[in-house]
Structures are given as structure tokens and as C-alpha cells.
Amino acid sequence: MAEIVGAISVSHVPAIGGAIAKGLRNDPYWKPFFDGFPPVREWLAQVRPDVAVVVYNDHGLNFFLDKMPTFAIGAAPEYRNADEGWGIPVVPPFRGDPALSWHLIESLVAEEFDLVTCQEMRVDHAFTLPMALFWPDQNWPVRTVPVVVNTVQAPLPSAARCFRLGQAIGRAIASWPGRERVVVIGSGGLSHQLDGERAGFINKDFDLRFIDSLVNDPTWATKYSTAELVELAGTQGIELLNWLVARGTLPARVRQRHVNYHIPISNTASGLLLLDPV
Amino acid sequence: MSRQPVPGTIIFDGEQARKGYALNKMCYSFNEADNRTAFLRDEDLYCARYGLTAAQSEAIRSRNVPRLIDAGGNAYYLAKFAGIFGLDMQDIGAQQTGLTKDQFKARLLAARGE
């Protein structure tokens, strides 16, 4: 059976793509953010995953508001990035794993998670930036399965539901007869708010409590409604739902391999957390 | 619970999504460089093509983010509009909070609490 070797959760903002394209890794503003990644790269080089399941939210590249799935999953042989409006250079295409995707779809729908299935799908910065941060040469060593969560248009799936989706993905991977080593990536957050009078809202206390909970008390955040999470983490901080999906794929007991937290990148409190099963 | 329970915040829900559909659809079109160029060539014509309301067109014309949000704009889509003018998220944040960009960036830094 396939094995989940760990879960990496990380923030995404388009400005990271700009910083990579402009070579600003050592710029004083960006350095505390980029310096968080070498331990994750070293771990990836050791565990050598075959597949990355990437849990993220689309920001209007693949999905527009005409059709807005609560949960969607890619089942394509290849996924391409494209211009999201800012003309940032696109990254090389990503290989898919349609057989594993369809196994996940069969397993998840059997567990009553009725995802939208996508045989064509463009992947935006929330998918591509974690990949570019983990594998800076952009010569992707993994096949990929994108999983998209609606964090854009309320009503959003509850934190509890997202956690359970992660658990179901974990069971689906465990029941795959292949011998693949799978890393799960959760992309988004942490606290930030782009819109309204409350723009610029960041909640360090909440973020640190949330990170700690993923290690020691993984269902802690599931006691909150999505409106409460917006109040605690901001209108875009709610992207932490993707972290909950990723955490749900791991067993109850995990080890914290690496953590980094930095305020701010763009308007966002950035977090990076690597967990693996005990 | 009220529909908008978080102070200083308009949660993008069904009501906002309906109100802002044409506006967000126009912003979505800015993914394509050709469409960004076409918008810059004749903004009013471009807005009319997407059927924006008078209030939405005026908010676009005046680059007024609070009014764009009030008119149903979604932050992720408005970011594509802002990008046409080279505005980043600190410019947008400053405009919405009545701060200068430097003051807004200082507010972000203050969240470190160090």
C-alpha cells in the first residue's frame, strides 16, 4: 500500500512568485521567509516522495464564480500554471497521476465526499508556490494530485468537514495498492485579511495556537465555525482550512519536524509546518 | 447570528456574489494580457461590455476599493484589477484603512508584537 511520509503546510501569496522571479531570496524583507525552507528541502531529499497531494484554494484561475465547487480534485495527466493577471513568469508543467486520482475519487465518493472531478485543470499560485519553494530548481520530482477547497465564496465547508476530508484522503492513500510514497501539502493562511476596514488584520496569538494544535490537539480548530475563524484569522486567513485537510491525512500522533513563522510577507503572516507520522 | 458577523468585514457570500457577478467576471478576464490591454484602451467600453452597473463602473473609474467591495467585488478578483496599475496589497490595504502605505506597512510589522 501507498504511504504518507508527511504533511507540509505553508502560506502562499502571489508576491512570493514575484520575489522568486526577481531573485529576492536574500533581500532583507524576504530572507526570514525563504530561510525557513532548507530544512524542508533536506527532509524531502531524504524521504524522496513519489507523489504530492496538494490541498489549496483556487483564486480565479481554474474556477470562476460561475461554477464554484466546495471540493474538487484533479484527474489530469498534466497540470499547467498560467497568468493570473500580474504577468509573473509561469512555472513548468506538473505531471499528474490519473490512476491515483481516480482511486482517490472512488474512495472519497464512497465515503460521501462528493468532489467535482477535473480532467483538465489549471493550477494557480497556491499550488505552484509551495512546489517552487520546496523544489527551487522547478524540476519537479513528484507526480501531483490537486485537491481544491472553496475558501473564496461563503458558505465554506466547515473546519470539521475539512479535517474529515483529510482523514478520508489518508484512508484512500492507505488503500492504494501501489508502493508510492506520498507527501501531502496544505497551502494557505495563516492570518491575513485583504479586504475592508479590517485589511491588514494579523493575529499572531491565534496562529501560534493553531500551529501548536496541529501537533498536539489536531481537532482544536474544528470547534470554530467558519465565521468565527474569519474573525480570528481574517477573511483570507480562512485558507487555514487547507492546513486542516492536510493534517487530517496523518494519524493522531505526529512529530513536528520543522516550523517557521514570520510576519509579514505582503499582508500575510506566513507559516511553514512539517509533520510526519510517529 | 447576523449575515455579516465580523466588524469591518464584508464576507463574500451569496448576496455579494450575486451583486458582484459582472464586476468579478470582468476582473477574471484580466487573467489574459490582451484583455488588460483592451481595458486600458477604453475602460468605459470594457465595463459596458461586461454589463457593470453605474455604481460599479464609477468605482472602477475612481479605483475605489471600498466601493468595489461594497458593489460585490471579491478581494481575489479585485487583486487582478489592481495589478493592472501596479498596485500591490499594501496599496489596497492603505486605501481601505485610510492610512498611508508606510503607516499600513508599519501596522503589519506591529503584529509581530516584539
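A: Strand β3 (residues 71-74) of chain A runs parallel to β6(A), and 3 bridges join the two. Within this pair, A:Ala72 stands opposite A:Val116 of β6(A). Strands here are DSSP runs of E with at least two residues, helices are runs of H or I with at least four residues, and both are numbered from the N terminus. Two strands count as paired if DSSP finds at least two bridges between them. The model is a predicted one, in which local features need pLDDT of at least 70 and side-chain atom pairs count only at pLDDT 80 or more, whereas totals for chains, interfaces and linings use all residues. Residues are numbered from 1 along each chain as its sequence is written, while chains are lettered from A and ligands numbered from 1 in the order in which they are written.

The β3-β6 pair belongs to an open sheet of 8 strands with mixed pairing, ordered β6-β3-β7-β2-β8-β1-β10-β9 in chain A. β6 (116-118) and β9 of chain A are the edge strands, each with a single partner, so one side of each has no neighbour in the sheet. From one strand to the next, the twist averages 15°; axes are lines fitted to C-alpha atoms, for helices over the stretch in contact, and angles run from 0 to 180 degrees between N-to-C directions.

At the β9 end, strand β9 (residues 254-265) of chain A is antiparallel to β10(A), to which 9 bridges join it. Among the residues involved, A:Val259 has A:Leu273 as its bridge partner in β10(A). The two strands form a hairpin with 2 residues between them, and A:Ser266 in the turn has a positive phi of about 50°.

Strand β1 (residues 3-10) of chain A also pairs with β10(A), in the antiparallel sense and over 4 bridges. Here the bridge partner of A:Ile8 is A:Leu274. Strand β10 (residues 268-277) of chain A is mostly covered, with 8 of its 10 residues buried; a residue is buried if 20 or more other C-beta atoms lie within 10 Å of its own, exposed if 12 or fewer, and partly exposed in between, with C-beta atoms placed from the backbone.

Helix α7 (residues 204-216) of chain A lies across β9 and β10 of chain A and runs at about 10° to β10(A). Contact means that the C-beta atoms of two residues, placed from the backbone, lie within 7 Å.
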